[in-house]
Amino acid sequence: MAQDILIDIIDTDWEKTVERNEKPVFVMFYSPSCPHCISIMPSVEELTRDFGTEVIFVKLNLLQYDYIGERYGVMSTPSFFFFCGGKPVQIRVGAVFPPMLKKMVEEMVTRGEECRLASSEWKYEITGYG
């Protein structure tokens, strides 16, 4: 089943959706007042429609869940993370040119299985996420 909308994730779903998902996960860390976040959102939504069968696409509001961003060293918005096997494997920060984001997703779709198989599983529970 294809994902056709960009999911606005909450902290209680973070671990299950991002860190324990077998599929590659594209995360956009954003804030509602960030002008670059607003301008790039349509491009990210288009990627969601185009690649939603192979990749899970989520966005996380850093104003609400800043402690999740702190865990991954997110210092500005927008920040784009690609998770594979529960670990961030590619990162882009700032006003990224939309074709660069598309290339990032295409590479992960092409190499996603290889990446997943090479990633070791995280076998601990994380407290504080719900």
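Good morning, colleagues. The structure before you is a predicted model. I shall begin with the overall architecture. The protein chain contains four helices and five strands. Read from the N terminus, the order of these elements is β-α-β-α-β-α-β-β-α. Of the 130 residues in the chain, 47% are buried.

The five strands form an open sheet with mixed pairing, in the order 1-3-2-4-5. At its edges lie strand 1, residues 7-8, and strand 5, each of which pairs on one side only. Helix 1, residues 11-19, packs on this sheet and touches strand 2, strand 3 and strand 4. The direction of helix 1 makes about 140° with that of strand 2. Helix 2, residues 35-51, also packs on the sheet, with contacts to strand 2, strand 3 and strand 4. For helix 2, the angle with the direction of strand 2 is about 165°.

How many of the six residues of strand 4 are buried? The count is six of six, over residues 79-84. In a regular strand, side chains alternate between the two faces of the sheet. In strand 4, Ser79, Phe81 and Phe83 point one way, while Phe80, Phe82 and Cys84 point the other way, and all of them are buried.

Strand 4 has partners on both sides. With strand 2, residues 25-30, strand 4 pairs in the antiparallel sense over five bridges. Within that pairing, Val25 stands opposite Phe83. Strand 4 and strand 5, residues 87-93, also run antiparallel and are joined by six bridges. Here Phe83 stands opposite Pro88, and the bridge partner of Phe81 is Ile91. The hairpin of strand 4 and strand 5 has two residues between the strands, and in it Gly85 takes a positive phi near 60°.

Let me move to strand 3, residues 56-61, where Asn61 is located. Is Asn61 buried or exposed? Its relative accessible area is 8%, so Asn61 is buried, the cut-off being under 20%. Leaving aside residues up to four places away in sequence, Asn61 touches Asp8, Tyr30, Ser31 and Pro32.

Thr110 belongs to helix 4, residues 98-118. Thr110 counts as exposed because its relative accessibility is 67%, and exposed means over 50%. The side chain of Thr110 reaches the backbone oxygen of Glu106 at 2.9 Å. Thr110 and Glu54 are 56 residues apart in sequence, yet their C-alpha atoms are 9.7 Å apart in space.

Finally, a word on the cysteines. Cys34 counts as buried because its relative accessibility is 6%. Cys37 is likewise buried, with a relative accessibility of 1%. How many disulfides does a search of the whole structure find? The search finds zero.

To close, I return to strand 4: its six residues are buried, and strand 4 is joined by bridges to strand 2 and to strand 5. Thank you for your attention.

How values were computed
Residues numbered from 1 in each chain as written. Predicted model: local features only at pLDDT ≥ 70, side-chain atom pairs only at ≥ 80, totals over all residues. Heavy atoms only, no water. Disulfide = S-S within 2.5 Å. Buried < 20%, exposed > 50% of the residue type's maximum accessible area, 1.4 Å probe, protein only. Polar contact = N/O pair within 3.5 Å; in protein donor to acceptor, adjacent residues only side chain to side chain. Contact = heavy atoms within 4.5 Å. Pairing = 2+ DSSP bridges. Axes fitted to C-alpha atoms, helices over the stretch in contact; angles between N-to-C directions.
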